[in-house]
Amino acid sequence: MARFAGFCVLAGVLLAGVLAPAAFGAGMLSNQVSDAVEGISTTLTTDTQPMVTTVTDRDGNPIAKLYDQYRLPVTIDEISPAMKAAIISIEDHRFYAEGGVDVKGMVRAALHDSSGGNTQGGSTITQQYVKNYLINVVDRDNKAAQYADRADTIARKLREAKIAVQLGQTESKDDILAGYLNVVEFTGNIYGIGAAAQAYFHTTTDKLNVQQAALLAGMVNNPNTYNPYTHPQQALQRRNVVIDAMVTNRTLDAKDAEIAKATPLGVVDGGPDIPSSSCLGAAPDAGFFCQYAVSYLERAGISLDQLETGGYTIRTTMDPGVSQAVKNAVDTNVSPAQDGVANTFAVIRPGQSSHEVLAMVANRSFGTDVAKGQTTTNIVADAANVFGSGSSFKIFTSAAAMETGKAGLTTPLPNAGNQCFTQPGANRYTPPYCIRNDGTYADPISLQEGLATSPNVAFVNLEQQVGMPAVLDMARRLGLRDTLNTNDAGYAPVTDPKNPLAKNPQYNEPQSQYFQNKLSFTLGDSPVSPLEMANVSATVMSGGVWCPPDPISSVTDRAGRPVQIRQQACEQVVPAGLANTLMVGLSQDTRTGTSAESARAAGWNHADIGKTGTTNESESVAFVGGVDDYAVSSMVFADGPHPQEICPGTPVHLGNCGNGAFGGTVAAPPYYHAFAQILGNRPDIPIPPADPAYVSAR
């Protein structure tokens, strides 16, 4: 009786508002209903609908979609007459006559429900619009609220009715119909008629025919029951019910209806066709770039939820030509199917106002299929090369030595073949750090020749003279900002006291602290980000100006308005003269240094800079450098659960070959092959001259 009485009150209130609007007005109607729905806003549908964000390359070509709900909003003029007729005929045939709430329908439903029969909705399209907006927009992240939005209660119906009446008085029928069709849920994370038309029929809403429109209109009543893929017979029957309703509503001729009912469902094969909702669906040469762009924007203050619902257009700095060239080069160098070996490659454009990221690729692709060599770790951006980039870290020792006056390009460096060094801060229990040169070198050797041929003893000796604080600070300034914040395993330092690793400095300290007393740093035996090493080259090539590696060209919102992105400012981290002199020091690697032989084999003769690196057991090799206005890093490293020595050959592989890979033999070739194509016959940009202030020790 209480339920029946409640419905009668509702019916009376609504009837009063519909029959005597001039006498009572919307305000009186709202007041009579407000006690039952106290605190419920009547402007809930002003919340913006979640929309798809599109990520593009620098030319505007889409590379990925980001979304929580796959929705492609359309206007009323973009919806075919058949679709409008179908949804109105089956859901609310008096839509254009009623005032937001169908009083007759609600009274009928109230009487039926109170008599103990099955629950009947009595809801208009306007009320369904409100209900779907609450569920799919306002309360999409609140399961308890969504449950209340679906509950068969008087309070819920009163709330819907109140908002529906106000919508009916403030919005046009066409706007309400379009709004409803844009918010309603289908199957498989498909929301709205625009996405449904694409997903089920590979068409647009203005081209939906009678049978397509009828299928979609029939699904909104129960998307799972009338799913054309899982329940095709029920879907077909429901579609034909809608077609019959169109005939009854005099929006379709009976003869045309029979023809439409005789057609098959006509949906696309294999299930609804919807794009991936994250960077996991990006092309093989774009996945790591896309994921880095998302992380970059998150750090700039745009949350992942905002990115997945905001309907932004994110134009990245990714150069499709450069990306494809380097992707082809690394795939040729190390097969994507090669077990346990990754080849990463990052390209950045140097500059004094920005460092635009042009390419971030690997022989791996960003994905979840391990059998295909995919990974969900961003092995290009993160400090994922846990073995390090070897002697390429000698760049930092050289720059710090130049800055402190300990050495210049022509300074002779002591270079005896085998030496033991006292570690900084050592006590009587600290063992010495003993190293040897891998090969025969001059003793002494100039800094410039040392950068080309890479003797270990000379650089550890120089590092000891300069001091670890200065070397580590130089590494940070030139570009290893995130790398040095990770621990010696490549992750965030462990701080949880319950974790036993929290007592181990290797895990609880950032690298910037952990290596303060370890001379091995200059030999590059610590985790490093391939992207940040490319940015080190970019800093040197930009006259000593560091800028964050920036993947974003522009961001616009759903209305096409520019969105300002908070960015770190560029910094002059070393004098231009020092940077230019360091470039001269690095300019001989591909001519007379460790990568010269592979450069000749590739026919490479461009003016460039480079520094190779190889770890002790050849688990990782690297080439870091640049040419013209491109700064690069190419790294080949063991990335499987059972790392071993990397062996050169075709294919590059893991093993105990006894003559492992070197940076010059395995990491440098993709650079030559990619940039021979990228540069073509364009004239070289010359290496700037050295500054006399940094040619010799001071």
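This is a predicted model: local features need pLDDT of at least 70, side-chain atom pairs count only at pLDDT 80 or more; totals for chains, interfaces and linings use all residues.
Local features require pLDDT of at least 70 and side-chain atom pairs count only at pLDDT 80 or more, while totals for chains, interfaces and linings use all residues. Residues are numbered from 1 along each chain as its sequence is written, and side-chain values use heavy atoms, leaving out hydrogens and water.

User: How many salt bridges does the structure hold?
Analyst: A salt bridge is a side-chain nitrogen of Lys or Arg within 4 Å of a carboxyl oxygen of Asp or Glu. By that criterion, the number of salt bridges in the structure is 20.

User: Is Asp 149, the salt-bridge partner of Arg 159, buried or exposed?
Analyst: The side chains of Arg 159 and Asp 149 meet at 2.7 Å, N to O. Buried means under 20% relative accessible area, exposed over 50%, and partly exposed in between (1.4 Å probe, protein chains only). Because its relative accessible area is 1%, Asp 149 is classed as buried.

User: Which residue forms a salt bridge with Arg 299?
Analyst: Arg 299 is exposed, with a relative accessible area of 57%. The closest N and O atoms of the pair are 2.9 Å apart, and the partner of Arg 299 is Asp 482.

User: Which residue forms a salt bridge with Lys 327?
Analyst: Lys 327 counts as buried, at 6% relative accessibility. The closest N and O atoms of the bridge are 3.1 Å apart, and the partner of Lys 327 is Asp 331.
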